[in-house]
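Biologist: I am new to this structure and would like a close look at a single part. Please keep it brisk.

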Amino acid sequence: MAKIIVDENVCKGCALCVNTCPKKIIALSKSKINAKGYHPAELTDENACIGCAFCATMCPDTAITVYK
Amino acid sequence: MDVVFKKPHALTDAPLHYCPGCTHGIVHRLVAEVLDELGVEGKAVGVASVGCSVMSYNYFGCDMVQAPHGRAQAVATGLRRALPDGVIFTYQGDGDLAAIGTAETVHAATRGENITVIFINNAIYGMTGGQMAPTSLPNQITQTTPYGRDVNSAGFPVRVCEMLSTLDGVALAQRVTVDSVKNVKIAKAAIKKAFQNQIEGKGYSIVEVLSTCPTNWGLSPVDALQWLRDNMIPYYPLGVYKDADKRDNMKGDKE
Ligand SMILES: Cc1ncc(C[n+]2csc(CCOP(=O)(O)OP(=O)(O)O)c2C)c(N)n1
Ligand code: SF4
Ligand code: SF4
Ligand code: SF4
């Protein structure tokens with residue numbers, strides 16, 4: 001069991017995490033838009049996350065916290 | 001569930017002003033992680049330079065000074081002398097370190113100032129809107145080289161690590177990048193070593209980080225990382241250019 005929490009107000013929708021996740025389970029939200037006008041990243045499949053923290057390692061805004 | 005990755009303590013909660021996907025943010029986090037791991041946030045003093053990272057004093061939890069353009073290593077030299085036990089570092093862009101600040105850089109290095117220099121090479125002047133930097137690549141299109149950098153008139157890019165590695169005061173000159181998880185880990189190890197060298201008194205340590213400027217390169221953040229791999233790494237090879245102890249060069253004086 002592992003998961004990530006994205007701080008939606010800090011995320012700038014740059015997609016570096018989306019591009020890095022080995023499980024391809026992060027996407028930029030199609031429905032949400034944050035106060036700065038970006039589509040924040042979100043986890044699309046909680047059961048598939050392996051807690052590798054690759055996403056958080058590449059996040060320039062340290063918007064991701066990883067739990068395992 | 002346990003937390004396996006969170007924001008380091010030495011990075012404040014202030015939201016970064018950098019553009020989406022700009023790798024300045026990754027490097028900030030790595031510096032903060034190293035300050036945490038070495039337990040030196042309380043005695044560290046950073047010097048913010050002029051460029052996009054001018055407001056890095058808002059982001060690092062330690063004490064910070066903001067230096068005029070190019071003068072960061074002169075300010076760090078003053079801090080070094082005033083605070084013998086302080087952990088002194090600069091955080092500078094390529095316009096700051098390798099253009100207006102070239103003299104300060106070369107002389108701080110050759111004096112063997114016992115400081116840590118974090119050098120962000122993004123091959124452009126980011127803050128001012130994307131003009132050519134000394135580090136811009138041959139044929140690179142910038143605001144001031146719309147037909148590409150012509151080496152006949154604009155000369156060749158400066159390879160800072162190679163140049164400084166010839167100086168006896170330099171302990172570490174290493175070029176890294178942050179385009180992938182693997183390279184981020186290598187970059188962090190280099191930054192940690194650059195701080196450890198200072199704590200051990202080995203001399204001047206510089207880590208050059210090949211970094212992206214998606215905004216002024218006109219690329220998405222993901223495409224900017226690929227541009228860096230395809231264009232910057234071949235011209236600026238990654239690796240350790242110097243790993244020494246300046247005190248080894250002083251032995252002759254004592255004997
Ligand atoms: C004395 C002086 N000259 C020129 C400037 C204008 N200026 C501001 S930032 C900058 C270059 C910044 O580029 P770089 O150091 O590469 O940092 P980046 O913004 O790319 O991170 C220049 C020339 C200034 N602020 N002060
Ligand atoms: S922790 Fe690993 S598997 Fe989970 S979302 Fe991040 S990159 Fe993907
Ligand atoms: S890397 Fe960070 S800022 Fe970029 S989209 Fe992912 S969570 Fe958001
Ligand atoms: S202008 Fe370039 S270097 Fe400056 S914050 Fe934006 S992407 Fe980063």
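Biologist: Does Thr62(A) count as buried or exposed?

Modeller: Thr62(A) counts as buried, because its relative accessibility is 9%. Buried means under 20% relative accessible area; exposed means over 50%, and partly exposed lies in between (1.4 Å probe, protein chains only).

Some ground rules come next. This is a predicted model, in which local features need pLDDT of at least 70 and side-chain atom pairs count only at pLDDT 80 or more, while totals for chains, interfaces and linings use all residues. Residues are numbered from 1 along each chain as its sequence is written, chains are lettered from A and ligands numbered from 1 in the order written, and side-chain values use heavy atoms, leaving out hydrogens and water.

Back to Thr62(A). It sits in the loop between helix H2 (54–58) and strand S4 (64–67) of chain A. Helices (H or I, at least four residues) and strands (E, at least two) are DSSP runs, numbered from the N terminus. The backbone is worth a look here. Most residues other than glycine have a negative phi. Thr62(A) is not a glycine, yet its phi is positive, about 45°.

Twelve of the 15 residues are buried, so H1(B) is largely enclosed by the rest of the structure. Among the buried ones are His24(B), Arg29(B), Glu33(B) and Leu35(B).

Now the setting. Chain B has ten helices and eight strands. Of its 255 residues, 55% count as buried. Its C-alpha trace spans about 55 × 55 × 30 Å along the principal axes. Contact means heavy atoms within 4.5 Å. Among contacts between residues at least 6 apart in sequence, 69% join residues at least 24 apart.
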